[in-house]
Amino acid sequence: MKRIFLTLAILTLWATSMCAQEREYRARHDSLMVYQSWESIFNGIADTLIMNPEVLMYTPYDIEFDGIRKNINKMLKDETVAVALGDSLWFVNTNWLKKNFKGESKHMSHYVPLYFSAKVAFVQWAGSSSLGWRFLEAMRNGEATADEYNNPGMIYLINFENGLVEKVDSKKLSELLSFYPDLQRRYESMRDYEEPYMINDFFLQYVQRLGQDPNVPYLF
């Protein structure tokens with residue numbers, strides 16, 4: 001099985017125009033790789049390649065693909081698990097999440113950022129579009145502050161065992177870190193342990209531990 005390791009990154013798709021009434025950023029991209037199963041994702045073989053797709057960014061955590069033939073749009077809406085722009089920007093289809101998982105995915109729309117390794121998969125999402133717009137506009141203007149970078153969207157774990165999409169808040173993170181007591185103690189000793197940036201930082205450390213732990217099985 002091919003192992004794929006992606007690190008959490010700031011979404012940096014640059015838009016070329018803005019629709020003021022609909023409040024969306026639009027951008028063209030050279031190609032979009034479409035995956036219709038997790039097997040194809042982990043094998044690194046796309047099921048379909050779409051040329052010159054239009055990317056619509058409502059917020060950094062709510063992405064849609066448009067301007068393509070009707071049958072392609074139907075495939076992206078109903079038959080696709082995830083897509084990739086370039087070799088590092090992945091997005092999961094929230095329609096697929098809603099069909100296959102219960103929990104927090106019911107609140108998500110279109111496509112959301114996806115991150116995964118051979119042993120764990122998770123998405124990033126924020127329900128407040130206003131935060132997303134301020135952050136995106138600050139990024140485009142080169143004016144994003146440290147506080148804005150330190151308040152990212154929350155992480156949601158895709159749990160294939162119980163069929164849930166689970167929000168990784170401080171309580172859930174402490175539960176996950178119980179398998180690694182030293183990491184759990186360090187996290188719970190942090191003054192800002194309930195802040196999103198601290199939760200996300202320690203969750204990524206948890207992901208690294210999973211990758212190094214021979215007792216943790218692969219997802220597939």
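The legends below describe close-up views of a predicted model.

**View 1. A salt bridge between Glu79 and Lys74.** In this predicted model, a search of the whole structure finds six salt bridges, and one of them joins the side chains of Glu79 and Lys74, with an N to O distance of 3.9 Å. Glu79 is partly exposed, having a relative accessible area of 42%, and Lys74, with a relative accessibility of 47%, also counts as partly exposed.

**View 2. Lys172 and its salt bridge with Glu166.** The side chain of Lys172 meets that of Glu166 in a salt bridge, in which N and O are 3.3 Å apart. Both of these residues, Lys172 and Glu166, are buried; for Lys172 the relative accessibility is 10%, and because buried means under 20% relative accessible area, Lys172 falls in that class. Side chains of opposite charge can pair when their charged atoms come close.

**View 3. Lys172 and Glu175 within helix α6.** Lys172 also forms a salt bridge with Glu175, where the closest N and O atoms lie 3.2 Å from each other. The two residues, Lys172 and Glu175, both belong to helix α6, which covers residues 170-177, and they are three residues apart, which is about one turn of the helix. Whereas Lys172 counts as buried at 10% relative accessibility, Glu175 is partly exposed, with a relative accessible area of 47%.

**View 4. A network of salt bridges around Lys74, Asp78 and Glu79.** Salt bridges that share partners join Lys74, Asp78 and Glu79 into one network. Within this group, the salt bridge between Glu79 and Lys74 has its N and O atoms 3.9 Å apart.

**View 5. Asn52, a residue with positive phi in a loop.** The phi angle of Asn52 is near 55°, which is a positive value in a residue other than glycine. Most residues other than glycine have a negative phi. Asn52 is placed in the loop between β4 (48-51) and β5 (54-59), and with a relative accessible area of 49% this residue is partly exposed.

**View 6. His110, a residue with positive phi in the loop between β9 and β10.** For His110, too, phi is near 55°, a positive value although the residue is not glycine. The loop that holds His110 runs between β9 (102-103) and β10 (111-116). The relative accessible area of His110 is 31%, and His110 is therefore partly exposed.

How values were computed:
Residues are numbered from 1 along each chain as its sequence is written. This is a predicted model: local features need pLDDT of at least 70, side-chain atom pairs count only at pLDDT 80 or more; totals for chains, interfaces and linings use all residues. Side-chain values use heavy atoms; hydrogens and water are left out. A salt bridge is a side-chain nitrogen of Lys or Arg within 4 Å of a carboxyl oxygen of Asp or Glu. Buried means under 20% relative accessible area, exposed over 50%, partly exposed in between (1.4 Å probe, protein chains only). Helices (H or I, at least four residues) and strands (E, at least two) are DSSP runs, numbered from the N terminus.
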